[in-house]
Number of protein chains: 2
Amino acid sequence: MVSKQMQQEIIKGSAIRAMFLEGKEMAERVGAENVYDFSLGNPMTPVPKAYNQAMIEAIETEDSLELHGYMDNAGFPGTRQAVAENLNQRFGTDFDGSHIVMTVGAAGALNVVFKTILNPGDEVLALAPYFGEYRGYAANHQGILREVEPDTSTFQPNLEDLKVKITEKTKALIINNPVNPTGIVYSEETIQNIASILEMKQKEYGSAIYMVSDEPYRELVYDDSKVPFLTKYYRNTFVTYSFSKSLSIPGDRIGYIAVSPRMEEAEQTVSGLSVANRILGFVNAPGLMQKALIKSLDARTDIAYYDRNRRLIYKKLTELGFNCVKPQGAFYLFIKSPEEDEKKFVEAAKKYHILLVGGSSFSCPGYVRLAYCVSYEMLERSLPAFEKLAEEYKEKLHP
Amino acid sequence: MVSKQMQQEIIKGSAIRAMFLEGKEMAERVGAENVYDFSLGNPMTPVPKAYNQAMIEAIETEDSLELHGYMDNAGFPGTRQAVAENLNQRFGTDFDGSHIVMTVGAAGALNVVFKTILNPGDEVLALAPYFGEYRGYAANHQGILREVEPDTSTFQPNLEDLKVKITEKTKALIINNPVNPTGIVYSEETIQNIASILEMKQKEYGSAIYMVSDEPYRELVYDDSKVPFLTKYYRNTFVTYSFSKSLSIPGDRIGYIAVSPRMEEAEQTVSGLSVANRILGFVNAPGLMQKALIKSLDARTDIAYYDRNRRLIYKKLTELGFNCVKPQGAFYLFIKSPEEDEKKFVEAAKKYHILLVGGSSFSCPGYVRLAYCVSYEMLERSLPAFEKLAEEYKEKLHP
């Protein structure tokens, strides 16, 4: 009785669940400390005290009806203004509160953006490899996701294929930076090139083609990598953000959309986002989280912890002969499968109780994703297992 | 550049905004204390201390990664179980945690249900007068809302028209009880009659037709009115609930879906709801609110306050000769417009600084909605204004 689309989504979901259950069964068999689960992108460093403290203060000091009450669908004015000022200070932008719409995380933000801009049959482009959920987000609003082929030599966007894939039906390009699943950071030059292509195609088709930036990993960058702020390069830009990773609060469901002040019809578009937030059933981003953010916009979880993990696992795997994309951000390592069918490699890893996700889930077969948002101790314990895995593949790794 | 559907929604939204601005302008002109705004259904009685206390306790005592972390998309197992047990204890049902999906309020819950069950072109029935947002919720998932005509003699559902409106395309019937905008409570007999009709039509068409109950006002009932719990009368039932009104926390965005344990394919349906919660971008209901609920499921805001308002305004308006539906629940009074075009009556009321909403917004022209979730003092102050309004209409009210 479940709708046809949802029947397919349940099947996809059950594959993830099967993996989860397999890990659980493995833990029961060999002990949880001997299972090396790198399959999930769950934050594991502590929530900053400033955020929890701001929550308690809000509960203890604010008027309860104001704190827990309805507000403008775009959020509390004070929060919107604080986010705008924080962005301006950090990135030299010129937002005011009217350009910010508070949302139920970045997943909520992307759905609100697509609801606002997509007409049935409009196309949304994603740069492979990309987060698989994007396809569902576009489909929710009768949009169609089209893939831009990966450039597996650099894992920067494949600009030649981007030019080919943009058509008069293209309404948006999703840019996820830093990238899940590769950990790559797109450089300023890359973004400038993408912006030029979109400008050219907008002129060619006489239409608006939006950049929709998905940036939950913005603060998780290493080695002084810089993540360009997209509204500075292209006017028809939505930046969607989640505090899930920078504050380790994915369950709190809080994020925002920042609309470029120079977007065509910016004011009407913000009205659309606000109405979409309501109609889709979000109504508003949770109020208490909005209030707590005002006092913790500069708080960060322990990002150095992820960096330490990154350096350990990247060094070890490359020493063992694995071909890895060097990550500059997020908490993922993208590894070339030593055999063509990465599913077989995922299965082989399981023999050593290592759980990885196949690149096919990110439209990039032949690779696997390792999420290193795990404890350093677990990471250290897992190294001998990787040695055994490398031993099994030694002819492929050292031909 | 905003999508065609959203352009229309922005126009609708701007009508509401125009009214809001008109009220603001009026307040500046004659003083806020002399404006009687009955247009909004915003809770105004205090948030129970138990709920705020439970929040602080959770922040102070729980592991921060667990409290703010990802969880099953259906919610924390402890919250789901607590909601199930609370329902069982109050209504003699037999839910367990697996039948409960925690959601971003009732608006989120309804969207998740429709996403799960609707195929493109499926029809959803609503019993006029009804909350206008239902139309958008169905349209979000390519469903089409069809209205069942009101029975303005009793404002109980028009069962004859219900029988006519159910077709082979009908996938669901929304039941809002107590009803926004009338304050009517559908009786057990009414619900039994609706259930019989749906059973008959399910057999006739060999399809599933769901009852989708929308119950944010369940706890706001007066004079010992009883609100039947729908899973007891019909197996293919979803109950959607929000704590917005019972705890005065609409900005917190917390509610749930309860799936009848006897629903056909109940387990797969719950999987569908859980996946829909994720894909639509909710991901999960906010975690802290879920934790706080465990300890405050029996807490209530001051419902007697609304009852006192209800008695005062109903008595006054009927004494003045207005024809009002006697409300047994929610915080609305539905008044027959003394002239055919209720828009003119709404305008006339504004002369005395009374703000009401026309029944056309609820697919029931010729009536107006008065939301009496206001301070008792404001209500008392407004009575002379209603006297003047009645004086203007004295020939119609006392013919």
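**A helix pair in chain B and its surroundings**

Analyst: In this predicted model, helix H2 of chain B (residues 49-61) packs against helix H10 of chain B (residues 287-294) at an angle of about 115°, and the two axes lie 8 Å apart. The crossing in which H2(B) passes H10(B) is right-handed. On the side of H2(B), the contact is formed by B:Tyr51, B:Ala54, B:Met55, B:Ala58 and B:Ile59, while H10(B) contributes B:Leu288, B:Met289, B:Lys291, B:Ala292 and B:Leu293. By class, the residues of this contact between H2(B) and H10(B) comprise 9 nonpolar and 1 charged, with no polar residue among them.

From this pair one can turn to the relation between the chains.

The contact between the chains draws 73 residues from chain B and 73 residues from chain A. Between them, chain B and chain A bury an area of about 5900 Å², and carbon and sulfur atoms give 57% of it. Within chain B, the residues that lose the most area to chain A are B:Met1, B:His68 and B:Tyr70, which together account for 14% of what that side buries.

B:Asn73 is placed in the loop between helix H3 (64-68) and helix H4 (77-91) of chain B. With a relative accessibility of 17%, B:Asn73 counts as buried because this value falls under the 20% cut-off. Leaving out residues up to four places away in sequence, B:Asn73 touches B:Met102, B:Ser274, B:Asn277, B:Arg278, B:Val283 and B:Asn284.

In chain A, A:Ile313 belongs to helix H11 (residues 303-319), and A:Ile313 is buried, its relative accessible area being 0%. Apart from neighbours within four places in sequence, the contacts of A:Ile313 are with A:Leu333, A:Leu370, A:Tyr372, A:Leu379, A:Leu383 and A:Phe386. A:Pro228, by comparison, is 85 residues away from A:Ile313 in sequence and 27 Å away in space, C-alpha to C-alpha.

Key:
Residues numbered from 1 in each chain as written. Chains lettered and ligands numbered in written order. Predicted model: local features only at pLDDT ≥ 70, side-chain atom pairs only at ≥ 80, totals over all residues. Heavy atoms only, no water. Axes fitted to C-alpha atoms, helices over the stretch in contact; angles between N-to-C directions. Helix = DSSP H or I, 4+ residues; strand = E, 2+ residues; numbered from the N terminus. Left-handed = near helix turned anticlockwise from the far one by under 90°. Contact = heavy atoms within 4.5 Å. Nonpolar A, V, L, I, M, F, W, Y, C, P; charged D, E, K, R; others polar. Buried < 20%, exposed > 50% of the residue type's maximum accessible area, 1.4 Å probe, protein only. Buried area = accessible area lost by both parts, 1.4 Å probe.
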